[in-house]
Amino acid sequence: MLSSASYAHNFDKEWNEAVYQQQTLGDLDAALAIYNKIIENAEDRKLVAFSMLNAAQCHVQLGDELIANALYETLKKDYSDIDGVQAYLSQQGRSPYLSPDELLPVPWQDGEVLQFTNYNLEERPFGYAVRTKTLTEVEGERAWQTDILFVSDQSNQFSHQEVESLEKSSAPIRYENSSYGIVYATIDIDKGKVTFENPHRGQKFDFEYEDNSYMGLEIDEIVRRLPLSEHYETRIKAIYPGNIGYFDVEIKVTDGNAELEFDGKSVEAWVLQVTSLSHKGDVLWQQQVWVGKDERRLPLKGEGKMGSFVLSSADSNAAKQTSHFKVGYTSRNLNFELPPGWFGFTVYGRNDESQRAFFYSQDGRSSAVLGWKKDYEFDWSKDPLSKKTDESIKWAEGFVSNHEVKKDSFQLLSVAGSEAIRYQASFTGGGHDFIEDRLWIKGDKPIFYSLVFNSSVAAFESERDDHQAILENFSK
C-alpha cells in the first residue's frame with residue numbers, strides 16, 4: 001500500500017485523507033469512497049493510478065477479489081506507462097492480467113490430435129488424455145471446437161469422460177462434459193451471462209461473465225499462445241466447471257533454456273510455473289509445464305504434487321483419419337487399424353498372466369476392452385465355451401446394477417480361425433441404460449481373449465459398424 005510519505009509532493013487533501021482512513025484507522029469503506037472520488041474526477045493520471053492500486057488492495061482485504069481484479073486489469077491496460085505501477089503490482093505478488101491482444105496466432109491446425117500419458121507419484125501410468133482440435137463455424141463466425149477424452153484407471157477398472165468446448169475470438173462460448181453420450185455438466189456463455197447446469201443432479205446456476213476469461217481446462221492451450229520470454233509472467237481469469245465462479249491462474253517463466261526429449265529428438269523448451277489461486281489467494285494447485293519453442297509450441301510435459309503428464313504423440317492432421325494401434329501379447333502381436341475417431345490405450349499388467357487394451361471413440365459414445373488371460377482352470381478338451389460366459393455373467397450380476405442377459409443373443413462363431421462365443425446384456429450405470437456386447441475367443445492354450453463393447457442404449461445401433469470393424473481387425 002502506498003503511504004502519504006511516498007508521494008507527498010503530489011498528494012492533495014483527499015489522497016491524504018484516504019490513506020489515513022485506510023492505513024491508520026482501517027476504515028476501508030471510507031477509504032474506498034475517497035479513492036473512487038479521485039479516480040472519477042482527478043486529472044493527474046499518476047494520482048488516479050495509485051488511487052486504483054490502493055483501492056484494489058482495499059477490495060482484496062474486503063474479499064471483493066473480482067472488483068480488485070478489474071482494477072488491476074484497467075491499470076495494466078491504461079496506466080502501465082506510469083513509473084512504479086508495474087513494480088507495485090509485482091511487489092503485491094500479482095502479475096497483470098492477460099489481454100487478448102497479447103495472444104499469438106493459434107499454432108494448431110484443423111484436425112490436430114495430441115495424446116498424453118498421465119503418471120502417478122510412483123511414475124506408473126494411470127490414465128490418458130486425447131485432445132482434438134476442429135475448425136468449425138458458430139453463428140457465422142470462425143470457431144474452434146476442442147474435444148478432450150479423459151481415460152483413467154480406478155483400481156484397475158478404467159473409466160472415461162469426454163469434454164467438448166467451443167470458443168471464438170479467444171472467448172469461450174460452450175463447455176460440455178459427458179460419458180457415453182450422456183451429458184453431466186454444461187456451461188453456456190451468452191450475452192454477459194454464464195449458465196452452469198448439471199442435468200444429472202438437477203442443478204442450474206447463473207453468474208456474470210467477465211470479459212477476457214477462459215475455461216480452466218484450456219489453460220494448457222493458452223500457454224501455447226503466450227508471447228513467452230525471460231521473466232515473462234501474466235495472470236488469467238478462469239472458469240472451472242467444478243466451481244460456480246472464477247479463479248486466478250498465474251503463469252511465470254522460470255527457465256527459458258530447458259531441453260528435453262520428445263519423439264526421439266532433443267527439444268528446446270520454456271519451463272512455466274502455473275499456479276491456480278482461489279478468490280482469497282489460496283493456492284489450489286501448482287505445476288510446472290514444459291512448452292516447446294518451435295512453431296507448434298506443444299505442451300510437452302507437466303509435473304505437480306499429484307503426478308505428471310507427458311505428451312506421447314502429436315499429429316497435426318489426424319482427427320478424421322484411421323489410427324493404428326499395436327497390442328503386444330505373449331502369444332501374438334495385434335496391429336489394429338481403428339476406425340476414424342477411435343484411440344487405443346494399453347494397461348500395463350503386473351505380470352504376464354493378463355493384460356488389457358482399451359479403445360475409445362472420441363465422441364464418447366462407445367468403448368471397447370480387449371483383454372487376454374491365461375486360464376488354467378478351463379479344460380480345453382471338455383469344457384464348452386459357455387463356461388466362460390457363465391463366469392462373466394455371474395461376475396456382472398454381482399457388481400453391475402440391473403444386469404440382464406439377452407437370451408436370444410448367444411452366438412457361436414469363428415474369430416481369427418478360433419472358436420468364439422458372443423452375447424449381449426443390458427445394465428444400468430449412473431441412472432442410465434447401457435448395452436454390453438461381449439465375446440470370448442480361444443487363443444493358443446491356455447490363453448483366452450475377451451473383447452467387450454460398451455455403449456449407451458441410444459448409441460448402440462449407430463456404433464455397430466465401428467464395433468464390427470474392430471472385431472474384423474482382431475481377425476486379421
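Contact here means heavy atoms within 4.5 Å. Helices (H or I, at least four residues) and strands (E, at least two) are DSSP runs, numbered from the N terminus. The model is predicted: local features need pLDDT of at least 70, side-chain atom pairs count only at pLDDT 80 or more, and totals for chains, interfaces and linings use all residues. Residues are numbered from 1 along each chain as its sequence is written, and side-chain values use heavy atoms, with hydrogens and water left out.

Helix α2 meets helix α3 (residues 45-62). On the α2 side, the contact involves L28, D29, A31, L32, Y35, I38 and I39. On the α3 side, the partners are L47, V48, S51, M52, N54, A55, C58, H59, Q61 and L62. By class, this contact has 12 nonpolar, four polar and one charged residues. Ala, Val, Leu, Ile, Met, Phe, Trp, Tyr, Cys and Pro count as nonpolar; Asp, Glu, Lys and Arg count as charged; the others, Gly among them, count as polar. The axes of α2 and α3 come within 9 Å and cross at roughly 150°. That makes the two helices, α2 and α3, roughly antiparallel. Axes are lines fitted to C-alpha atoms, for helices over the stretch in contact, and angles run from 0 to 180 degrees between N-to-C directions. Angles under 35 degrees count as roughly parallel, over 145 as roughly antiparallel, 65 to 115 as roughly perpendicular and the rest as oblique. The crossing of α2 past α3 is left-handed. A crossing is left-handed if the near helix is turned anticlockwise from the far one by less than a right angle, and right-handed if clockwise.

Helix α2 (residues 28-41) also packs with helix α1 (residues 13-25). Their angle is about 155°, and their axes lie 8 Å apart. The helices α1 and α2 are therefore roughly antiparallel to each other. α1 passes α2 in a left-handed crossing. From α1, the residues in contact are E14, W15, E17, A18, V19, Q21 and Q22. From α2, they are L28, A30, A31, I34, Y35, K37 and I38. Nine residues of this contact are nonpolar, two are polar and three are charged.

The whole structure was searched for cavities, and one of 30 Å³ or more was found. On a 1 Å grid over the protein atoms alone, a cavity is a set of points where a 1.4 Å probe fits but cannot get out; a pocket is an open set with protein on both sides within 12 Å along at least five of seven lines; lining residues have an atom within 4 Å of a point. The largest cavity has a volume of about 130 Å³. It is lined by 13 residues, with E167, Y214, E218, E221 and I222 closest to its centre. The lining includes six nonpolar, two polar and five charged residues. Strand β4 gives the most to this lining, with three residues.

The second largest pocket holds about 1,400 Å³ of space. Its lining has 48 residues, and F150, L217, Y240, W285 and Q287 lie nearest its centre. Strand β13 (residues 283-292) gives the most, with six residues.

Two backbone features were found in loops. A cis peptide bond joins K445 and P446, with omega about 10°. P446 lies in the loop between β24 (432-442) and β25 (447-456). E139 is not a glycine, yet has a positive phi of about 50°.

Conventions: Grid points are joined across faces, edges and corners, and a volume is the space filled by probe spheres set on the points.
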